[in-house]
Amino acid sequence: MKASTRKLILPGTIVALIIATVILAPVLPLQDTRGMDIPHRFAGPSAAHWLGQDEFGRDVLSRLIWGGRASLFIAVGSAVLAAIAGTALGLLGGYFRGAVELFTVRAAEIILCLPPLLLALLVVTILGAGTWPLILALTILYTPNYARVVYAATQQVRGLDFVTAQRAMGTHPLKILVRTILPNVLPPLLVQMSLVVASAMVIESGLSFLGLGVVPPTPSWGLMIRAARGAMEVAPLLLVWPSLALAGTILTFNLLCDRLQSALDPRAVTAGGALWLRPRSREAKKPVTPVAAPAEAPLLEISDMSIAVHDMELVRRVSLTVRPGETVALVGESGSGKTLTGLAMTGLLPDTLRVTGGSAVYTTRDGTAVDLAKLDEEGIRKLRGDEISMVFQDAAASLNPVLRIGDQLGEAIQAHHQISGEALQKRILDLLRHVGIPDPERRHRAYPHELSGGQRQRAMIALAVANNPRLLIADEPTTALDPTIQAQILQLFAQLKKDTPGMGMIFVTHDLAVVAEIADRVTVMYAGEVVEEGPVAEVFARPRHPYTAALISSVPESGAERLTAIPGTVPSPRNMPTGCRFAPRCGFATAECESRSPKAEHPAADRVTRCFRWENVT
Amino acid sequence: MTDANAPLVEARTLGRNFPTRHGLLGRAQDVWAVRDVSLTVAKGETVGIVGESGCGKSTLGRMMMGLDSPTKGSMSFDGRDLSSLSSAEMRKLSRRMQMVFQDPFGSLDPRRTIGAQIADGLRTHNIVPGSEVKAEVARLLEQVGLPTSAAERRPHEFSGGQRQRIAVARALSTRPDFIVADEPVSALDVSIQAQVVNLLMDLRRDLDLAMLFISHDLHVVRHLCNRIVVMYLGRIVEEGPAEKVFGTPSHPYTRALLAATPSLHPRDPSEGDKVLKGELPSPANPPSGCPFRTRCPLAEEACAKGVPPLSPVGDGWRAACIKAAPVAEGVPA
């Protein structure tokens, strides 16, 4: 059983119990709800009357159960009827738009203009008090709420590709509505349902309380609260029982609808849970005592670094070296761990992940060596943006949409430098000019949405290089861009490298052609491990790992009639192959590959491959 | 179809306008996503549409599928004008045209099993009797290289490449003659991309499909397509046989696109100045005359005079440039 289904058991059982009790009320050995016993009015709980007796000496327990019958019937009944009516209106209006929308959703919205209680009063006054008029009144009242929620959800879903695919298939529109759109708008519908049941119970109680709902002496929770209010000083318990029943039922319904919603969603929700309930993500890190780095030290030396979530290793024993002025490309498919490796260098790993082993020694501007893997948050914040900075793939999501570009740049600079006024302004304009944003005097006042995709990526890069970092980590910075704009941004990176000779760069990408254009060295990752490393030209000319070789020949550039496709898919971190992780998809694999994990081999002085059969690859 | 050479799908001077209004009382402004596009696709032919985002290639694809109606011009499929069909007739005809989408995560209904989604097309158009639906779904899954047990599972259990195969199986379920593939491999990893490209090539060969392949990846398009259409700002700027258009491109924009495409074998860095300056102009306010002239390295005064017509450069090869001439640029081989 799925965890989400298991979670249904508790609220499901309670709701089932409540419903069974009220349905079975006629056959349960309950006392007569109308049987008065004046001498024992306001008597407390006793063996004969478990919850005591009310102002006429009637049994409270049986009135509570029979009252629940009336209240629940009205609340659930009107919630369901309103759901059906509102969903139909919302679906039609949201899918067909135009005139249909006018006659469905917009028409229903008129009801929203009237005060709810007044509307209910009106209906009840016309039709007379009683159960059915009340249900009708509540149904009318709640229909527009559903209609609006479903309308909004439908509009979101109708533009999705799988709906278009149904249209393209020639499916009848009504069938699309019922079969494809309805299941996908259910989650908000269920939330709405739980709210409406609760709210309908409150309104039913209110109207009964006013004498417009259920007609006495038939019990309902609202009537019971009304009666008990009058006798509050004498028998406060009488008020407690119906209120508890009302609140408890409403809460249980809310819980059931919430759980139902996650159970109906087939995509397993991996809820992170509240932040303070998660296991401490990092063991209390002590500030690391800086050590003077040896001269000629590389800018960054990652050795045997692993990253894990709980017990699942996502990145295993990665080693990587960046020398000053060097560009290292980190290549791999999705799930290879390339982005995590980059994020770990800036201390920006998601909360649930942590570095579990190895080291990442970074040499700072003043020549000291710090281990980024062990540095505490305070220490890494000093480096981040100043010495090490990052360019993200999606500039639109990474820039603050409500701040002007110039202000965001100013903020980044001031985080590490005491500078303001004229000097700051000049620095901002210089930066924007440097990354090739035309007319910086005007553009620094622009908001991110006012810039085009290419300009936004330039602004993002300006933000990253604002403090002349010594290590720039670029995570797929050109993937979302068009070819001509991608070429411009790659050119900008090349220019930056030329202008700042000491800056090292880690360029994370999945595109081998981009690697060839920009990088000096390349590190190929597969399923969380480094499989090959070396100078770009050499690796591309003669790959020494079957995965690299297969990647290169799967690029449709060779002019071959058929592309070389790597069979199968990347293994999931839950069940990694025991031996070489690439073995199941590898054309060179032997029995040895499947049983043992290969060690790093050195085909040449500056090259690494992790393959038993590297000599046979090319 | 009577004439073997007659095009299966034919677009005649298609145009699509999305007027936008600024403010409640503002005048509606014309935004032409597609302008004056004429295009044919014959049986067994794969036509590639290349261009950058905002050039109108997806809108064109949707119009050719009958999912969007053109503002101007007309679309015909197998000799029948799509605009003259009733919605019931259109639904019936849509059996013969199918679409594969870019996002493998958005194109499948997350709440229904793979088998049910593939069976939709079979049931809607009564392709096979009800009792054989299950067997047919299994056959389709096998055809795209997936195990038949996949039918019982839901989309989230599959990787991107597998989902894209499922989307292809769903498109094939109605036994279409024409498939529009809108960036079907852009969201996939390189090694998986090759799997899907190979699959599409096999299907075209085995089923004699007409295909419209929309992509911004020139390498994939060149690999897969017989004929290439290059679009810029809603118009076709060059059209012709794949080896001609990419081998010796005759429109400066095609040349710029080729130069901008990163390659495993980088060219001499001194060619770096060939990188196109500037960005795509707004379709709401296109340049007068040739739409490309604001970024064109060859532009001169005459280019502002009028929109250059698509004029023949060679056999079945046309370009919309007053200076159009084949230039041995070449994709690096």
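## A hairpin in chain A

Strands β5(A) and β6(A) form a hairpin in which four residues lie between the two strands, and within the turn Gly367(A) adopts a positive phi of about 80°. In this predicted model, β5 covers residues 353-363 of chain A and β6 covers residues 368-371, and the two pair in the antiparallel sense over three bridges.

## Overall form of chain A

Chain A holds 23 helices and twelve strands. Its radius of gyration is 34 Å, well over the 25 Å that the globule rule gives for 618 residues, and chain A is therefore more spread out than a compact globule. Taken along the principal axes, the C-alpha atoms of chain A fill a box of roughly 100 × 60 × 60 Å.

The domain assignment divides chain A into domain 1, made of 10-31 + 48-264, and domain 2, made of 295-387 + 469-534. The centres of domain 1 and domain 2 of chain A, taken over C-alpha atoms, are separated by 55 Å.

## The helical part of chain A

In an unreviewed UniProt entry, the feature "domain: ABC transmembrane type-1" is placed at residues 68-257 of chain A. Over residues 68-257 the model of chain A is 85% helix and 0% strand, and the end C-alpha atoms of this span are 20 Å apart. The feature "transmembrane region" is also placed by UniProt, again in an unreviewed entry, at residues 7-28, 72-96, 117-142, 189-215 and 236-256 of chain A. Among these spans, residues 7-28 of chain A are 68% helix and 0% strand, with end C-alpha atoms 30 Å apart, while residues 117-142 are 88% helix and 0% strand, with end C-alpha atoms that lie 12 Å apart.

One of the helices of chain A, α5, comprises the twelve residues 116-127, and its geometry can be checked against a simple expectation: at 1.5 Å a residue the helix should span 16 Å, and the end C-alpha atoms are 17 Å apart, which agrees. Just after α5(A), Gly128(A) takes a positive phi of about 90°.

## The sheet of chain A and the annotated ABC transporter region

UniProt, in an unreviewed entry, places the feature "domain: ABC transporter" at residues 300-552 of chain A. Over residues 300-552 chain A is 38% helix and 27% strand, and the end C-alpha atoms of the span are 28 Å apart.

Chain A also contains an open sheet of seven strands, whose pairing is mixed and whose order is β7-β8-β9-β4-β10-β11-β12. At the edges of this sheet stand β7 (388-391) and β12 (608-609) of chain A; each has a single partner strand, so one side of each is left without a neighbour in the sheet. The partner of β7(A) is strand β8 of chain A, residues 471-475, and these two strands pair in the parallel sense over four bridges. Within this pair, Val391(A) stands opposite Ala474(A) of β8(A).

## Chain B

Chain B has nine helices and 14 strands. The radius of gyration of chain B is 21 Å, close to the 20 Å that the globule rule gives for 333 residues, so chain B is as compact as a globular protein of that length. The C-alpha trace of chain B spans about 70 × 50 × 50 Å along its principal axes.

An open sheet of four strands in chain B has antiparallel pairing and the order β4-β1-β6-β7. Its edges are formed by β4 (32-41) and β7 (80-81) of chain B, each with a single partner strand, so one side of each is left without a neighbour in the sheet. Strand β6 of chain B, residues 72-77, pairs with β7(B) in the antiparallel sense over two bridges, and the bridge partner of Phe77(B) in β7(B) is Arg80(B).

## Where the two chains meet

At the interface, 54 residues of chain B are in contact with 51 residues of chain A. On the side of chain B that touches chain A, the elements giving two or more residues are α2 (87-93), β8 (97-100), α3 (114-124), α5 (160-172), α6 (190-207), α7 (218-224) and α9 (252-260) of chain B. The largest share of this side, six residues, comes from α6(B). By class, the side of chain B that touches chain A has 19 nonpolar, 23 polar and twelve charged residues.

Note on methods: Residues are numbered from 1 along each chain as its sequence is written. Chains are lettered from A and ligands numbered from 1 in the order in which they are written. This is a predicted model: local features need pLDDT of at least 70, side-chain atom pairs count only at pLDDT 80 or more; totals for chains, interfaces and linings use all residues. Two strands pair if DSSP finds at least two bridges between them. The expected span of a helix is 1.5 Å times one less than its number of residues. Domain bounds come from an automatic or database domain assignment. UniProt positions are given in the numbering used here, feature names are shortened, and annotations may be inferred rather than shown by experiment. Two residues are in contact if their C-beta atoms, placed from the backbone, lie within 7 Å. Ala, Val, Leu, Ile, Met, Phe, Trp, Tyr, Cys and Pro count as nonpolar, Asp, Glu, Lys and Arg as charged, and the others, Gly among them, as polar. The radius of gyration is taken over C-alpha atoms; the globule rule is 2.2 Å times the number of residues to the power 0.38.
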